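Please have the sequence and the model at hand while reading.

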Amino acid sequence: MSKQKKLNSPGKERFVAAVLEMLDEGVGARELNLRTLSRRLGCAHTNAYNYFASLEDLLWWSLREALERMAGGGGPRSGSELQGVQNPLVRYIDFALEHPQWYRLIWMVPLNGAPPPEVLAYLPVPGRMLVEWLKEHLGWSADQDAEIEAGARILHRYIHGELAIFTTGRLMDPVEQFRRELLINTDRLFRQLFRVPWAVEEKES
């Protein structure tokens with residue numbers, strides 16, 4: 001019997017899910033360890049090594065899962081506000097506010113070693129999705145692709161800077177006030193970069 005089929009092993013996906021669940025509960029990524037995660041899943045910590053070379057390996061795979069959920073609008077609220085939100089900038093902002101520890105894992109927690117090849121291959125995907133959405137939204141000609149890509153970088157870096165301040169507790173504004181102001185300022189920047197309205201629709205509070 002191979003390691004992948006070993007009885008009583010919770011499986012790769014369950015370890016990743018446990019990481020994300022504990023992060024959502026407020027546990028910091030650097031507070032996690034394989035013994036704690038395995039206890040949560042009701043198995044020996046050695047089972048983790050059937051799927052991951054180390055805790056760092058597990059964190060890389062958890063980072064990828066968080067990125068995929070961000071790109072797809074997944075998560076606990078995917079059946080309500082986030083479902084149907086086509087604007088990836090709104091989705092990005094809401095994702096970070098709903099899952100601040102996931103966001104910090106993606107961007108702010110230093111991970112040791114190189115990411116697994118499958119994780120590394122996925123890292124640029126959300127950025128490409130933003131660029132493709134902008135091309136469709138703006139309807140510009142192909143010779144303007146470089147301007148769109150530059151604008152996408154500027155937009156992301158501004159939004160990320162604001163979210164980094166907020167998700168690390170450096171700003172104490174109420175969430176809805178912070179979100180509203182961030183959307184307003186993103187719209188202002190969008191107009192300056194692309195000379196058209198962002199046309200973002202506010203969700204109901």
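E147 is partly exposed, with a relative accessible area of 33%, where buried means under 20% relative accessible area, exposed over 50% and partly exposed in between (1.4 Å probe, protein chains only). The model is a predicted one, in which local features need pLDDT of at least 70 and side-chain atom pairs count only at pLDDT 80 or more, while totals for chains, interfaces and linings use all residues. Residues are numbered from 1 along each chain as its sequence is written, and side-chain values use heavy atoms, with hydrogens and water left out.

The partner of E147 in a salt bridge (a side-chain nitrogen of Lys or Arg within 4 Å of a carboxyl oxygen of Asp or Glu) is R195. Because R195 lies in the segment after α9 and E147 in helix α8 (residues 145-167), the pair ties together parts that are 48 residues apart in sequence; helices are DSSP runs (H or I, at least four residues), numbered from the N terminus. R195 itself is exposed, at 54%.

The whole structure holds 10 salt bridges, including these:

| Pair | N to O distance |
|---|---|
| R30 and E56 | 2.7 Å |
| D94 and R179 | 2.6 Å |
| R195 and E147 | 3.2 Å |

D94 lies in helix α4 (residues 88-98) and R179 in helix α9 (residues 175-194), so this pair ties together parts that are 85 residues apart in sequence, and both residues are buried.

Note on methods. Helices (H or I, at least four residues) and strands (E, at least two) are DSSP runs, numbered from the N terminus.
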